[in-house]
Amino acid sequence: MKLRQYTIAMLVMLLGLPLGVTPQAGAQDLSPDSVTATAEDDSAKPKKKKKSKKKKKSSKKKAKAEDEQTNDDTDKAEDDEKDGDEQRAVAQALSKFKPVSGKPNMKADYYIYMYSASWCGYCKQCMPSAVAEYKKLRRKKVEFIIIGGDKSREEAAAYLKGYKAKMPCIFFEDVKATNFMGLPGCGMPGFPAISVADKDGKVIKTAVGATAVKEVIENWKDYTINHKED
């Protein structure tokens, strides 16, 4: 009997169990291998990163600054566009007309209008000078526009094509329909007649008759880029 008790006591000591305690079903495994495995499982789990409050606040501040800059840029662009429209009355008016041919320069500083038609002999005398000078003045932000007085838009376009004229043409009847008020600076109608105006539609020079019209065409710099306010 003593030998049996001694044997049991030795087995308990070898198994690492305290005397008087026997393993129970479902008890937690506290062996070194088990503890190590549990620690490895815990380390394998992804750790949730806490966002720095300072970094989050900095991101919000940056986003707010970018939004304010975008709004400022948009407001500035709208103001610039508005100012440009207010200063260029001629460009505003031209946008309401459908050209017979060509496309008017909406950003010109000066505009020269010449009333001309195929049925007018004096007008034909002025056309070669107009075509020759157009290439020069176009590069100086000065636009030359023919107000075509032919019976139809097709005839007005053919008239310019016959002289290989590249300048834009506005149909006379379209301007007449506005009582000549819809195109600032276009002057009084006549064939041939010419008028020089700035971008706001302020008339600088007008002339009627072939000789006077050709003089204005050939000396366009004096009435545009060399022009000085009185």
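Helices (H or I, at least four residues) and strands (E, at least two) are taken here as DSSP runs, numbered from the N terminus. Residues are numbered from 1 along each chain as its sequence is written. The model is predicted: local features need pLDDT of at least 70, side-chain atom pairs count only at pLDDT 80 or more, and totals for chains, interfaces and linings use all residues, while side-chain values use heavy atoms, with hydrogens and water left out.

1. Overall make-up. The protein chain has 9 helices and 5 strands. In sequence order the pattern is α-α-α-α-β-α-β-α-β-α-β-β-α-α. Of the 230 residues in the protein chain, 30% are buried (buried is under 20% relative accessible area, exposed over 50%, partly exposed in between, with a 1.4 Å probe and protein chains only). The protein chain exposes about 16,300 Å², and carbon and sulfur atoms supply 54% of that area (Shrake-Rupley method with a 1.4 Å probe; for residues, only the protein chains shown count as cover).

2. Contacts along the sequence. Contact means heavy atoms within 4.5 Å. Among contacts in the protein chain between residues at least 6 apart in sequence, 65% join residues at least 24 apart.

3. Helix H6. This helix covers residues 153–162, and Ala156, Tyr159 and Leu160 in it are buried. Viewed down the axis of H6, the buried residues fall within an arc of 90°, so they line one face of the helix (the arc is that of the directions from the helix axis to the C-beta atoms). An α-helix has 3.6 residues a turn, so residues three or four places apart point the same way. Glu154, Lys161 and Gly162 are exposed on the other side of H6. The partners of the buried residues of H6 are strand S1 (110–116), helix H5 (121–138), strand S2 (142–148) and strand S3 (169–171).

4. After H6. Lys164 follows H6 and has a positive phi. The value is near 55°, in a residue other than glycine. Lys164 sits in the loop between H6 and S3 and is exposed, with a relative accessible area of 70%.

5. The loop between H7 and S4. Two backbone features are worth checking here. Phe180, which is not a glycine, has a positive phi of about 60°, and its place is in the loop between H7 and S4. Pro192 also lies in the loop between helix H7 (172–176) and strand S4 (193–198). The peptide bond joining Phe191 and Pro192 is cis, with omega about -5°.

6. Glu143. This residue is found in strand S2 and counts as buried because its relative accessibility is 0%. Leaving aside residues up to four places away in sequence, Glu143 touches a set of residues including Lys103, Asn105, Tyr111, Ile112, Leu137, Arg138 and Pro168. Tyr134 is also among the residues that Glu143 touches, and a polar contact of 3.4 Å joins the two side chains (a pair of N or O atoms within 3.5 Å; within protein, one must be able to donate a hydrogen and the other to accept it, and residues adjacent in sequence count only if both atoms are side-chain atoms).

7. Cysteines. Cys123 counts as buried at 1% relative accessibility, and Cys169 at 0%. The structure holds 0 disulfides, a disulfide being a pair of cysteine sulfur atoms within 2.5 Å.
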